[in-house]
Amino acid sequence: MLLQKEMIAEHFQRLEDAPRSGEKVVYTFVPGNLTELIRSFGALPLLPEINALQSGMRGKSKAYIAEAEKAGHSADVCTYVKADIGMMMSGNIGPTGTRLPPPDLLLLSYTGCYTFMKWFELLREQYKCPTVFLQIPYQGDGTLLPEHREYVVKQLREDVIPALEAVTGRAYDEGRLRELLALSARAEDDLVAVLHSAKQKPSPIDSYFGGVYYIGPIFSAFRGTPEGVAYYEALREEVEERQALGIGPETPSGRLDDQRFRIVVEGPPNWTSFNEFWQMFSDEGAVVVASTYTKVGGTYDFGFRHDPGDPLGTMADYCGGCYTNHNLPGRIDMLVDYVKQYAADGFLINSVKSCNSFSAGQLLILREVEKRTGIPGGFIESDLVDPRYFSAANIKNRLESYFQMLRERRRGQVAPGSDATAEVTP
Amino acid sequence: MMCYVGVDLGSTTTKAVVLGEDGRVLGRGITNSRANYDLAADVARTEAFVTARFDMLRQEVERVAGKESLDLLLRAFRLEQTLAQLVRLQAGLHEDIDRSVAPHLRAVAHRSIDEISERTRMEEETGFADPERAKRSDFFRDVAGSAFSRLAEELAARDGTSFDLLLGLYDKCIIQVENTPVELGFHDHIDAALARIGDPPAVRAGVEAATAAVFEAKVTVGTGYGRARLPFPKEWIRSEILCHGLGAHAMFPATRTVLDIGGQDTKAIQIDGQGIVTSFQMNDRCAAGCGRYLGYIADEMNIGLHELGPIAEQSTRRVRINSTCTVFAGAELRERLGVGERREDILAGLHRAVILRAMSLLARSGGIDDEFTFTGGVANNPAAVRALTELVVENYGARTLNISPASIYTGALGASIFALRVDQPGAALHSSRGAA
């Protein structure tokens with residue numbers, strides 16, 4: 001955690017210094033981010049939705065959202081967008097307190113979230129900087145076909161690389177890109193080992209609340225960097241140690257060794273009441289063993305690794321495989337697989353109305369996963385970074401009811417009237 | 001006798017159910033919820049024990065003295081409870097006058113309060129035997145509130161006393177009275193009630209037996225919004241979802257889908273053959289279309305909540321209403337009245353809008369399976385039931401719709417069964433369908 005904090009602080013410092021140091025800054029989004037390519041040109045990536053969620057966690061998003069709404073952005077718009085626009089309007093001071101540089105390039109890698117496109121339109125209007133749009137075909141039929149892949153590679157070659165060359169003044173260096181991709185693959189191996197550790201009982205990690213910290217470096221600016229590799233080596237070591245000791249993760253309720261419920265979660269977390277939300281799980285002895293949100297920046301646990309042998313093709317595969325680019329049957333398959341592989345007792349959706357790329361179809365997902373796994377689903381609603389939409393009492397009430405339901409069902413599965421049902425403690 | 005208690009602390013009312021060791025319902029109690037949750041739970045529980053003792057009396061007294069004698073005794077008992085609270089209210093009002101009313105207005109205020117209190121007492125005493133009384137609300141705040149408002153208006157017209165001053169005093173004081181303990185139990189008032197009806201020997205024998213009975217609450221399970229505030233162990237607290245599911249199952253064992261429309265939330269629950277919840281949905285970010293909405297509409301129209309449904313039932317041409325936002329309700333209503341729509345047609349539209357929201361939650365929870373049980377205060381509203389019946393048929397085809405006259409107690413009943421199961425795991429259930 002400390003290591004990650006230092007890495008982030010250093011990155012934001014470099015971003016602040018960029019206008020003076022001459023380092024070029026490329027704004028891009030987590031799903032489908034081309035960090036290795038950006039870094040191969042010596043440029044720095046900046047991820048607006050990471051800034052928004054960090055602002056949410058640090059209690060700054062409410063004021064930013066109010067600022068954006070004053071400027072005319074509707075109450076129904078994605079709150080990441082409003083937090084970012086509001087931050088920009090308030091002087092562009094990033095979540096760590098450093099000033100964020102304007103973009104030299106807006107690189108939109110479109111992986112299923114339509115809002116991202118509108119978001120960059122707004123930023124382009126503001127910054128009047130070059131913009132490049134990489135279109136990733138949606139996995140409507142569940143796979144990225146060879147012609148889709150070729151289409152992405154062609155765009156990389158003809159649009160993205162020339163745009164980066166123009167902005168940085170450097171020529172495309174495929175050798176350099178291969179080196180960075182090899183570093184990515186190493187970190188990805190370690191991340192997957194960490195994620196898979198949750199198959200053990202007790203799980204040494206929480207794959208949602210803890211998971212968002214674990215994915216932090218690889219989803220933001222550190223894929224394909226030596227710091228990223230070092231971070232994931234250290235993380236894996238730490239988790240393997242916990243695994244060997246048979247202990248659970250640290251949570252807001254203390255170390256969670258007594259894990260009464262193993263849960264799979266779909267949907268992004270709430271960031272403004274992150275710890276309070278987590279504690280509603282940990283107080284009940286619930287640990288999240290797998291989540292889809294931790295796959296928005298790549299579905300590595302299903303086998304994908306960046307391949308230095310095919311630098312542009314591997315980036316196409318990566319973008320196509322991000323969770324937001326999966327169709328509904330693909331998402332359902334993934335969740336069903338998680339419930340089975342991780343021996344989950346329950347499956348919960350945190351639905352965010354303003355986030356259509358997640359919330360559309362979630363109830364269908366819920367029913368289908370219930371049908372195919374036989375475990376009951378739960379459904380709660382909150383928001384990304386707008387604290388007004390986190391109703392703690394109501395969410396706690398739903399969660400308590402859900403966990404009590406799991407408990408009663410577990411009891412009910414033991415023959416009624418038998419001694420085993422005499423357990424009183426819920 | 002050993003018994004088990006379930007308490008359901010709702011946002012509008014607090015309910016309690018007492019179960020015997022054999023799982024039979026012994027008594028039910030209800031009161032309006034208030035800031036002091038512990039006290040609301042206490043009053044509801046006390047009431048449940050009062051009805052349990054009256055139920056014992058019923059078997060004895062009805063046989064030897066007839067049903068009328070017992071009903072009269074019960075009304076006399078309710079009168080004694082009301083008078084005890086009235087005394088408390090009167091004293092509180094006098095204290096408030098000395099504390100908060102300008103000195104030159106105090107004498108007249110004291111006199112007015114005494115007159116209102118005295119006349120209310122007399123009205124209650126002379127009218128208690130009227131069987132029609134049984135139809136009105138038993139909550140002291142409703143009984144005293146309507147008398148105070150009527151008499152204060154009369155005094156204002158007659159003596160020039162300020163109506164606002166008197167009502168303001170009442171509004172403040174009733175909250176204090178409701179939030180301080182007052183003796184409302186069987187033993188507190190049964191002797192006075194018996195004396196009031198002339199102490200007939202045939203009744204006295206039964207009363208003595210009921211007075212002597214000992215109820216020992218072995219386990220109390222709490223549920224509802226205020227459950228975390230109840231003074232018992234965490235493991236004796238259950239979510240209202242589970243309690244409504246189990247309560248509905250106890251009332252109608254073939255139930256598979258439950259709809260509960262409460263004061264501030266609507267719950268759509270699916271249960272299995274054991275009454276265990278398999279899936280549920282609740283309104284999350286907004287409480288539009290819940291029971292409070294209808295309460296607000298009733299206030300806006302200046303009619304009683306229980307009158308809404310019957311008026312809507314007279315509709316011949318339902319108005320289409322889209323918004324069920326409670327805050328917008330007043331504007332919506334005035335707008336419709338303004339364009340000449342009839343009150344009953346607007347109300348029919350409002351009821352349908354409420355049920356449409358519930359239908360959406362039901363769909364989210366997995367649809368409506370046979371049998372379907374409707375619970376909560378809104379289940380007593382005929383217009384809501386009609387709208388629900390129509391929409392169920394339109395969307396899911398024929399379903400058996402169950403509504404118990406005791407539907408408001410569903411959550412408390414479920415909680416009481418959980419209490420029983422703490423002690424007797426796997427205890428069999430008694431269907432409590434008929435017991436209102």
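**Ground rules.** I am working with a predicted model, where local features need pLDDT of at least 70, side-chain atom pairs count only at pLDDT 80 or more, and totals for chains, interfaces and linings use all residues. Residues are numbered from 1 along each chain as its sequence is written, while chains are lettered from A and ligands numbered from 1 in the order in which they are written.

**Chain A, domains.** The assignment (bounds come from an automatic or database domain assignment) gives me domain 1 (2-172) and domain 2 (179-422). I found 48 residues of domain 1 of chain A in contact (C-beta atoms, placed from the backbone, within 7 Å) with 43 residues of domain 2 of chain A. By class, that side of domain 1 has 24 nonpolar, 18 polar and 6 charged residues. For the classes, Ala, Val, Leu, Ile, Met, Phe, Trp, Tyr, Cys and Pro count as nonpolar, Asp, Glu, Lys and Arg as charged, and the others, Gly among them, as polar.

**Chain A, confidence.** I checked pLDDT (the predictor's confidence in each residue, from 0 to 100): chain A averages 92, and 97% of the residues score at least 70. Over residues 414-426 of chain A it stays under 50, although the model has 18 contacts beyond four places in sequence for them. Where pLDDT is low, the predicted coordinates should not be read in detail.

**Where A meets B.** I see 25 residues of chain A in contact with 20 residues of chain B. On the chain A side, α17(A) gives the most, with 9 residues. Helices (H or I, at least four residues) and strands (E, at least two) are DSSP runs, numbered from the N terminus.

**Chain B, overall.** I get 14 helices and 9 strands for chain B. Its radius of gyration (over C-alpha atoms) is 23 Å, close to the 22 Å from the globule rule (2.2 Å times the number of residues to the power 0.38) for 436 residues, so chain B is as compact as a globular protein of that length. Its domain 1 (62-210) and domain 2 (253-403) have C-alpha centres 35 Å apart.

**Chain B, a helix pair.** Helix α2 (residues 67-100) and helix α3 (residues 103-127) of chain B pack at about 175°, with axes 10 Å apart. Axes are lines fitted to C-alpha atoms, for helices over the stretch in contact, and angles run from 0 to 180 degrees between N-to-C directions. α2(B) and α3(B) are therefore roughly antiparallel (over 145 degrees) to each other.

Methods:
Two residues are in contact if their C-beta atoms, placed from the backbone, lie within 7 Å. Angles under 35 degrees count as roughly parallel, over 145 as roughly antiparallel, 65 to 115 as roughly perpendicular and the rest as oblique.
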